Amino acid sequence: MLPWKRVLRPLAALLLAAALATVPATTATAAAAPSAGWNDYSCKPSAAHPRPVVLVHGTLGNSVDNWLGLAPYLKDRGYCVFSLDYGQLEGVPFFHGLGPVEKSAGQLDDFVDRVLAATGAAETDLVGHSQGGMMSRYYLRFLGGAGKVNALVGIAPSNHGTDVNGFTRLLPYFPGAADLLTKATPALADQVTGSDLLKRLNAGGDTVPGVRYTVIATKYDEVVTPWRSQYLSGPDVRNVLLQDLCPVDLSEHVAIGLFDRIAFHEVANALDPGRATPTTCASAFD
């Protein structure tokens with residue numbers, strides 16, 4: 001007998017995402033990123049933190065809600081922090097990161113250029129949650145981003161795709177489901193394990209020279225599964241399991257990016273390894 005609860009839960013999530021493609025534009029509007037705090041284009045990087053940080057949200061996220069925890073955390077520590085919206089679908093407000101990953105990477109390329117021009121910095125650091133961590137790698141590999149980026153920190157990134165707890169293996173048994181996913185929400189199709197985009201992205205190795213990579217994963221991830229598929233291989237890679245830092249941390253895929261200060265502390269360590277301090281359960285109170 002099939003474990004129906006396990007099957008129906010991810011099915012419902014995927015159907016919800018597909019249905020969002022038909023939501024009228026009048027239902028919601030994404031708030032503009034705060035002008036005080038982050039996305040302050042008058043911010044000039046300090047000697048202590050000479051590179052601006054660009055935050056790259058995940059699927060169904062946006063430039064504000066995804067970063068209400070991490071952006072102020074980094075801003076309070078002296079970083080110039082910026083975030084973008086990408087992957088918008090026509091008629092779908094607020095919920096972004098749904099368009100083709102290749103096109104979204106082009107939007108990231110344009111945004112990084114804007115940030116570098118405004119701040120006068122030579123390079124930036126990227127922090128991406130979920131799709132944001134994987135899509136940033138597409139930018140680095142195929143769009144010349146490696147020359148503009150010092151480090152990429154992926155929080156629960158979909159680096160090698162996801163099987164959504166095995167659900168995607170059932171797609172062939174639902175006629176038309178794969179086509180619907182591709183047409184309605186291309187980014188979801190791009191993130192299915194074995195997709196054409198992921199094959200191109202990971203062919204020849206996970207990394208590009210000159211960029212430091214950090215992956216922060218949680219073993220309770222229910223979206224990008226199996227969670228070990230988030231890890232990268234190659235030079236200048238550090239893979240971190242959240243529960244190795246704090247065994248009682250129960251954060252799953254959403255929480256690790258939205259409000260887990262233990263994960264945030266490790267992000268700060270990855271951005272400035274020369275000043276890194278041990279990340280423990282007590283980091284939740286830093």
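# Close-up views of a predicted model

View 1. Proline 226 is located in the loop that runs between β5 and β6, in a model that is predicted. The peptide bond leading from threonine 225 into proline 226 is cis, and its omega angle is near -10°. Aspartate 236 is likewise placed in the loop between β5 and β6. The backbone of aspartate 236 has a phi near 55°, which is a positive value in a residue other than glycine.

**View 2. Serine 130, a residue with positive phi.** Serine 130 belongs to the loop between β3 (124-129) and α4. Although serine 130 is not a glycine, its phi is positive, at about 60°. With a relative accessible area of 6%, serine 130 is buried.

**View 3. Threonine 207 and its contacts.** Threonine 207 sits in the loop that joins α7 (196-202) to β5 (212-217). Its relative accessible area is 16%, so threonine 207 counts as buried, the limit being under 20%. When the neighbours within four places in sequence are left aside, threonine 207 is in contact with Arg141, Tyr213, Ser233, Gly234, Pro235 and Val237.

**View 4. The salt-bridge network around lysine 148.** Side chains of opposite charge can pair when their charged atoms come close. The structure holds five salt bridges, and the residues Asp109, Asp113 and Lys148 are linked in a network of such bridges. In one of these pairs, the side chain of lysine 148 meets that of aspartate 109, with an N to O distance of 3.2 Å. Because lysine 148 lies in the loop between α4 (131-142) and β4 (149-155) while aspartate 109 lies in helix α3 (residues 101-119), this pair ties together parts that are 39 residues apart in sequence. Lysine 148 also forms a salt bridge with aspartate 113, where the closest N and O atoms are 2.8 Å apart. Aspartate 113 is in helix α3 and lysine 148 in the loop between α4 and β4, so this second pair ties together parts that are 35 residues apart in sequence. As for accessibility, aspartate 109 counts as buried at 16% relative accessibility, whereas lysine 148 counts as partly exposed at 22%, and aspartate 113 is partly exposed with a relative accessible area of 33%.

**View 5. The salt bridge between glutamate 266 and arginine 238.** Glutamate 266 forms a salt bridge with arginine 238, and the closest N and O atoms of the pair are 2.3 Å apart. Since glutamate 266 lies in helix α10 and arginine 238 in strand β6 (residues 237-241), the pair ties together parts that are 28 residues apart in sequence. Glutamate 266 is buried, with a relative accessible area of 2%, whereas arginine 238 counts as partly exposed at 43% relative accessibility.

**View 6. Helix α10 and its start.** Helix α10 spans residues 261-271 and is mostly covered, since 10 of its 11 residues are buried. The buried residues of α10 are Ile262, Ala263, Phe264, His265, Glu266, Val267, Ala268, Asn269, Ala270 and Leu271. At the start of α10, aspartate 260 places a side-chain oxygen within 2.9 Å of the backbone nitrogen of isoleucine 262.

How values were computed:
Residues numbered from 1 in each chain as written. Predicted model: local features only at pLDDT ≥ 70, side-chain atom pairs only at ≥ 80, totals over all residues. Heavy atoms only, no water. Buried < 20%, exposed > 50% of the residue type's maximum accessible area, 1.4 Å probe, protein only. Helix = DSSP H or I, 4+ residues; strand = E, 2+ residues; numbered from the N terminus. Polar contact = N/O pair within 3.5 Å; in protein donor to acceptor, adjacent residues only side chain to side chain. Contact = heavy atoms within 4.5 Å. Salt bridge = Lys/Arg side-chain N within 4 Å of Asp/Glu carboxyl O.
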